[in-house]
Amino acid sequence: GAHGLVVTDPSKIVVKVTPVSQDAINASPCVGYVDPADNTKIRVKFASAPASGTGNVKITWEAQVIS
């Protein structure tokens, strides 16, 4: 999703992701990062594929600009 920051330089953005739902926790650890194809968005990568389903993988995330 869109990170909403005015900065789009991936080297200046830190993304923190916290798994919330049990299926997200089971697939963790997970890492948030700036989407290399669109620097206005972030992506989340899980250590293993989360369980199939709709709305079963819930996370919270925060993106910050660093200097």
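Reading from the N terminus, the protein chain goes β-α-β-β-β. That makes 1 helix and 4 strands, where helices (H or I, at least four residues) and strands (E, at least two) are DSSP runs numbered from the N terminus. Keep in mind that this is a predicted model, with local features needing pLDDT of at least 70, side-chain atom pairs counting only at pLDDT 80 or more, and totals for chains, interfaces and linings using all residues. Residues are numbered from 1 along each chain as its sequence is written, and side-chain values use heavy atoms, with hydrogens and water left out.

Here are some values for the chain as a whole.

| Property of the protein chain | Value |
|---|---|
| Box filled by the C-alpha atoms, along the principal axes | roughly 35 × 20 × 15 Å |
| Accessible surface (Shrake-Rupley, 1.4 Å probe) | about 4,400 Å² |
| Distance between mean positions of positive and negative charges | 2 Å |

Carbon and sulfur atoms hold 54% of that accessible surface. As for the charges, there are 6 positive and 5 negative ones; Lys and Arg count as positive, Asp and Glu as negative, while His and the chain ends are not counted. Each charge is placed at NZ of Lys, CZ of Arg, CG of Asp or CD of Glu.

Of the 67 residues, 22% are buried, meaning under 20% relative accessible area with a 1.4 Å probe, protein chains only. Among contacts (heavy atoms within 4.5 Å) with a separation of 6 or more, 56% link residues 24 or more positions apart.

Now for one residue. Gly 4 sits in the segment before β1 (13–19). With a relative accessible area of 68%, Gly 4 is exposed, the cut-off being over 50%. Gly 4 and Thr 40 lie 36 residues apart in sequence, yet their C-alpha atoms are 7.1 Å apart in space.
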